Amino acid sequence: MMNPESTLMFAEAAEAASVVTRQRAANAARLAELVETLRARPPRAVITCARGSSDHAATFAKYLIETRLGLLVSSAAPSVASVYGAEQRLADVLAIAISQSGKSPDLLATVDAAQKAGAQTLALVNVADSPLAGMVDHTLPLHAGPERSVAATKSYIATLAGLVDLVQALAGDDELGRALDAAPTLLRQAWDADWSPLVDTLADARGLFVVGRGLGLGVAQEAALKFKETCGLHAEAFSAAEVKHGPMALVGPGFPLLILRQSDETGEGVDDLAAEMAARGGPVLIAGGEAKGAIRLPTVAGHPVIEPMLQIQSFYRAVNALSVRRGFNPDQPPHLAKVTETL
Ligand SMILES: N[C@@H]1[C@@H](O)[C@H](O)[C@@H](COP(=O)(O)O)O[C@@H]1O
């Protein structure tokens, strides 16, 4: 069996804390300028344009922006522009495109259509000289450095950090700003958290649900994607409420659940779900909470907006190890390339 610490995924995920530090310093002036522009021309709504892990960061953006800035956020389906060629009315809308590579044709088509429809455009993108960066009104570079493992890790965390930075600056929320200041230190601690119970529990699993709520839903989606990409393990993400509307019929002995809980208003309901699911007899892994009968994964406490980022950092290390344990190479998922171009 290969050494899990020898993978690119491991090395890249381990860099997340320094990426966040680098990004904040490098983007400070740009961010101040962007905030000034957006204050002068405040958007009435936001659309997000993204695929894969970046789309899961967009889910986080939705909850963050809706709860902190009171703006409606909608996920743009690229086919509306790239396949249907439909025209929309997007005056006074801010379109936020999120991408590691900045070159998937459908993403570019969506941003182009949004621009023509009157939207202001902002890209959170890692490749600074990408076509996406070249076409938008504003760019917040992710500064994650080259990411070569097919599975995105540090670029995902960099995106969450960039979104928090944007929102704290727009909202003038100093508490959130301080929470982000603390993130690199906490990310290092999160990287050292022992999530081996996850690896042991899921070594032979056939499928699972990953559950989060609110600000934690985006990382639940991201975790589910990583199980599929790197571990050959089917996983679906649900909100702790949504899972009750049908999907939980599958939960029972032999059907594990991973629950990612942050310490905010959603916590109590997530705890209740965890206890109810554990009572069904299937293994329930919980991060950020405790429930009778559930297996607790150690977490680093932080501001609830930062906790999802910390949990996904602990998760990345564990899922890399799980991939190897299940006989995969996490850097080379079957049938996948680093940059997926769809229309
Ligand atoms: N967030 C949503 C995705 O969940 C959805 O899969 C996609 C469909 O896009 P398309 O219609 O281009 O396939 O739209 C958005 O990105």
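**Reading the packing around helix 10**

Me: Why are helix 3 and helix 10 called roughly antiparallel to each other?
Reply: Look at their angle. Helix 3 (residues 52-68) and helix 10 (residues 217-231) pack at about 165 degrees, their axes 7 Å apart. Angles run from 0 to 180 degrees between N-to-C directions, and axes are lines fitted to C-alpha atoms, for helices over the stretch in contact. Under 35 degrees counts as roughly parallel, over 145 as roughly antiparallel, 65 to 115 as roughly perpendicular, and the rest as oblique. So helix 3 and helix 10 are roughly antiparallel.

Me: What kind of model is this, and how are residues numbered?
Reply: This is a predicted model: local features need pLDDT of at least 70, side-chain atom pairs count only at pLDDT 80 or more, and totals for chains, interfaces and linings use all residues. Numbering starts from 1 along each chain as its sequence is written, and side-chain values use heavy atoms, with hydrogens and water left out.

Me: Which residues make the contact of helix 3 with helix 10?
Reply: Contact means heavy atoms within 4.5 Å. Among them are His56 and Phe60 of helix 3, and Gln221 and Leu225 of helix 10.

Me: What makes something a helix or a strand here?
Reply: Both are DSSP runs, numbered from the N terminus: helices are H or I, at least four residues, and strands are E, at least two.

Me: How do you know that strand 6 and strand 7 pair?
Reply: Count the bridges. Two strands pair if DSSP finds at least two bridges between them. 6 bridges join strand 6 (residues 207-212) to strand 7, and the two run parallel. Leu208 stands opposite Ala235 in strand 7.

Me: What is the strand order of the open sheet?
Reply: 5 strands form the sheet, in the order 7-6-8-9-10, with parallel pairing. Strand 7 (234-239) and strand 10 (295-297) stand at the edges, each with a single partner strand, so one side of each has no neighbour in the sheet. On average, neighbouring strands are turned by 20 degrees against each other, direction ignored. Helix 10 packs on this sheet, touching strand 6, strand 7 and strand 8 (257-260).

Me: Why is helix 10 called roughly parallel to helix 12?
Reply: Helix 10 and helix 12 (residues 307-325) pack at about 10 degrees, with axes 10 Å apart. That angle makes helix 10 roughly parallel to helix 12. The contact includes Phe227 of helix 10 and Phe315 of helix 12.
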